[in-house]
Each structure stands twice: as structure tokens, then as C-alpha cells.
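Please read these notes alongside the model.

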Amino acid sequence: MKPLLYSLCLIVCACGTSPAPATTPYDVTQEEFRARMNDSNVVILDVRTPAETAGGMIEGARELDFNAADFTERLDSLDRDATYLVYCRSGNRSGQACALMDRMGFREAHNLADGYLQWK
């Protein structure tokens with residue numbers, strides 16, 4: 001009985017804790033993102049939806065909706081040797097996009113960790 005009670009306590013306690021913020025190996029800070037924006041051979045990708053980009057974008061960014069049915073095909077048409085700075089609203093979709101780009105053989109992709117919400 002005691003092991004069962006102990007297990008239930010662990011489960012209840014673990015469920016009440018909030019996880020650490022998710023990060024990816026591709027994450028860069030706003031400062032790092034800005035510093036790289038003017039490098040040669042850099043492409044800035046905004047992977048938000050058209051409704052989101054209507055509210056504003058980082059200057060010079062190309063739109064490439066992560067939720068679009070042809071997202072992977074559109075990525076496939078990009079230069080794999082360029083450096084990509086990728087962002088979305090909060091950093092989640094852009095982190096996933098960077099991981100996908102890595103699997104597809106892109107040389108370098110960086111995720112704006114906190115996304116456009118925190119862009120100053």
C-alpha cells in the first residue's frame with residue numbers, strides 16, 4: 001500500500017510543477033539575431049501565418065507560413081548554403097522549422113528564441 005501511495009504522491013507533485021522553458025540548439029537571443037541580420041548571405045524567415053504577419057514583421061523578412069501544406073516543399077527550394085534567421089510568434093514553430101532545416105541539410109539556421117512577441 002505504501003509504495004502505491006508514494007507513487008501517487010510523486011505523480012501529483014510532478015504534475016503541479018511547471019516545466020523549464022523549451023529551448024533548442026538553434027536558439028539565439030535578440031542581440032545575436034540582430035548582430036547577424038546584416039551578415040552576407042543571410043535570409044530572414046518569418047514562419048508565422050499571414051494573419052500574424054499582417055500585424056508587422058521584421059524588416060527584410062520573407063514570409064514562409066509554417067502551417068501551410070506546402071511548407072516543406074517551399075523550404076526545399078531554398079539555398080541550403082545560406083544562413084537563415086528564423087522567427088515566429090514565440091519561438092516554438094521557428095525552432096521546429098530550424099530542426100527540420102537541419103534534417104534537410106541546411107548549413108545554418110538560427111531561431112529567435114523568444115519570437116516576435118519580444119522583438120524590440
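1. A polar contact is a pair of N or O atoms within 3.5 Å. In this predicted model, such a contact of 2.3 Å joins the side chains of asparagine 111 and serine 94. Asparagine 111 is located in strand S5 (residues 108–112) and counts as buried because its relative accessibility is 1%. Beyond its neighbours within four places in sequence, asparagine 111 is in contact with residues including Thr24, Asp27, Val86 and Cys98.

2. The largest nonpolar core has 21 residues, of which Leu45, Phe71, Leu75, Tyr84, Val86 and Met101 touch the most other members. At least two residues each come from strand S2 (42–46), helix H4 (71–76), strand S4 (83–87) and helix H5 (92–103). H5 gives the most, with five. Another core, of eleven residues, lies apart from it; among its members are Phe33, Ile44, Tyr87 and Leu112.

3. There are five aromatic pairs. One of them, tyrosine 84 with phenylalanine 106, is edge-to-face, at 5.4 Å centre to centre and 80° between the planes. Tyrosine 84 belongs to strand S4 and phenylalanine 106 to the loop between H5 and S5, 22 residues apart. Both residues are buried.

4. Tyrosine 87 and tyrosine 116 are stacked, with 5.9 Å between centres and 25° between the planes. Tyrosine 87 is in strand S4 and tyrosine 116 in the segment after S5, so this pair ties together parts 29 residues apart in sequence. Tyrosine 87 counts as buried at 0% relative accessibility, whereas tyrosine 116 is partly exposed at 22%.

5. Phe33, Tyr87, Tyr116 and Trp119 make up one aromatic cluster. The charged end of arginine 34 sits over the ring of tryptophan 119, 4.0 Å from its centre; that of arginine 48 sits over the ring of tyrosine 116, at 4.3 Å.

Conventions. Residues numbered from 1 in each chain as written. Predicted model: local features only at pLDDT ≥ 70, side-chain atom pairs only at ≥ 80, totals over all residues. Heavy atoms only, no water. Helix = DSSP H or I, 4+ residues; strand = E, 2+ residues; numbered from the N terminus. Buried < 20%, exposed > 50% of the residue type's maximum accessible area, 1.4 Å probe, protein only. Polar contact = N/O pair within 3.5 Å; in protein donor to acceptor, adjacent residues only side chain to side chain. Contact = heavy atoms within 4.5 Å. Core = buried A, V, L, I, M, F, W, Y, C linked by side-chain atoms within 4.5 Å. Phe/Tyr/Trp six-rings, centres within 6.5 Å; stacked < 30°, edge-to-face > 60°. Lys NZ or Arg CZ within 6 Å of the ring centre and 35° of its normal.
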